[in-house]
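Please read it with the sequence and the model at hand.

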Amino acid sequence: MSEANGNNNFSTGSRSDTAVRWSTLAIHGGRRPDPATGAVLTPIHQSTTFAQEAVGVHKGFTYSRAANPTVNALEQALGALEQAPPAVCFATGMASITTLFLSVLKAGDHAIVSDVVYGGTVRLFRQVLEGLNVTASFADTSRPALVEAAITPRTKLVLLETPANPTLKLADIPAIAAICRAHGIKLAVDNTFLTPVLQPCLELGADISLLSTTKYIEGHNATVGGSLTTRDTALLDRFRLVRKTIGCIQSPQEAWLTLRGLKTLPIRLKQHSAGAQAVAEWLEQHPAIERVYYPGLRSFPQHELAIRQQAAHGGIVSFEVKGGVDAGITLMNSVKLCTLAENLGAVETLITHPASMTHADIPRPQREALGIAEGLVRLSVGLEDPADIIADLAQALDATQEKQNPTTAKEELCLIAR
């Protein structure tokens, strides 16, 4: 992980002040002890409603569908992490994406979305928003010229997912931000894979930062949630109005757990990135692997962009096993330490088959055109010792090779050992 800054400081070069000290900010940013009791941890305000002193006189909270003190504390902490006003938090990551679209787009409007994107985002457009006459073009956002070419007079929003799920294809945020500004279009970035610690997208020119807090922000497989952050106060007001109207605020309990997980985010990301780099380098040398996708590898097609745009390269590694889908399924059914699951960003290493799990709603020809092969495996590298993760993958790959070619697998393994 030679490109990562080992002291957890990161500056994009666009700021004139000193580099952000992420660990301090994650622990203290936007937080203060409870004024009523002095509690260091924010209390869980598990209350639907709040007493009002008189008609129209209250302490900022009336009903937890609109706002809640525990959720508010998380919003302040996330806003501080993004060096922005308090974020707006939601019950799920998909709730945050839905609120974004409903807030910025109306009937007749058009959006441009990364072609390689989480399957739920595609489903939202194809099965819900298109019925409301809100359309989208799924463009190759790794090429800024193609983003500009997709703009129409009705385009109101560009949504980048970078790195993209699951191929990790990147988009040049500053370049696309310049295009959006020239056309008067809002730019949102789904920054779930890296978070502002590794990729401060608002500093890089985005108008809106979108996070599934389910993933690295909380980091312990304990919650679902999402957030939207922006420095545009009118947009913030709009997000809060839509959230209150459709009723998708995060719960106090999950906000509290997310607040706790956030404190260790920078140190976790450092270890996730180091582990993923080690696993990716090992996979790249294994004879049973067709190809490996990880921005920290020099072989990654957009490695130079990754160096410019990311402080480190995160914990997600995708790879294809020789032998296609059958080999990939055998691998995933053979792991022992890694957990087969539909999530990422947790302390446990999780392994996923995108074609049958996260991206199953996308038709196979479209998936394959986007590089999401039937045998593609997505690995969310956890905080276990990388040597143990590698050992688990090694024995699973041995099982895969044995199943594919029982007569020669043992001979090949002897050669590898030598």
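**Sheets, helices and aromatic pairs**

Strand β10 and strand β11 (residues 316-321) run antiparallel and are joined by four bridges. In this pairing, Tyr293 stands opposite Ser318 in β11. The model is predicted, and the points below are grouped by topic.

**The five-stranded sheet**

- β10 and β11 belong to an open sheet of five strands, ordered β10-β11-β14-β13-β12, in which the pairing is mixed.
- The edges are held by β10 (289-293) and β12 (339-340), each of which has a single partner strand, so one side of each is left without a neighbour in the sheet.
- Helix α12 lies across β11, β12, β13 (350-352) and β14 (376-380), and runs at about 130 degrees to β11.

**The packing of α12 with α14**

- Besides lying across strands of this sheet, helix α12 (residues 324-334) packs with helix α14 (residues 386-404) at an angle of about 135 degrees, the axes being 8 Å apart.
- That angle makes α12 oblique to α14, because angles over 145 degrees would count as roughly antiparallel and those from 65 to 115 as roughly perpendicular.
- The crossing of α12 past α14 is right-handed.
- By class, the contact of α12 with α14 comprises six nonpolar, five polar and one charged residues.

**The seven-stranded sheet**

- Seven strands form an open sheet of mixed pairing, in the order β3-β9-β8-β7-β6-β4-β5.
- Its edge strands are β3 (88-90) and β5 (135-139), each pairing on one side only.
- From one strand to the next, the twist averages 20 degrees.
- Within this sheet, strand β6 (residues 155-161) pairs with strand β7 (residues 186-190) in the parallel sense, over five bridges.
- Leu157 has Lys186 in β7 as its bridge partner.
- Helix α8 (residues 233-246) packs on the sheet and touches β3, β7, β8 (208-211) and β9 (226-230); the direction of α8 makes about 25 degrees with that of β3.

**Aromatic pairs**

- The count of aromatic pairs comes to three.
- In the pair of Phe101 and Phe125, the ring centres are 4.7 Å apart and the planes lie at 55 degrees, so the pair is tilted.
- Phe101 lies in helix α3 (residues 93-104) and Phe125 in helix α4 (residues 119-127), so this pair ties together parts that are 24 residues apart in sequence.

Technical notes
Residues numbered from 1 in each chain as written. Predicted model: local features only at pLDDT ≥ 70, side-chain atom pairs only at ≥ 80, totals over all residues. Heavy atoms only, no water. Pairing = 2+ DSSP bridges. Helix = DSSP H or I, 4+ residues; strand = E, 2+ residues; numbered from the N terminus. Axes fitted to C-alpha atoms, helices over the stretch in contact; angles between N-to-C directions. Contact = heavy atoms within 4.5 Å. Parallel < 35°, antiparallel > 145°, perpendicular 65-115°, else oblique. Left-handed = near helix turned anticlockwise from the far one by under 90°. Nonpolar A, V, L, I, M, F, W, Y, C, P; charged D, E, K, R; others polar. Phe/Tyr/Trp six-rings, centres within 6.5 Å; stacked < 30°, edge-to-face > 60°.
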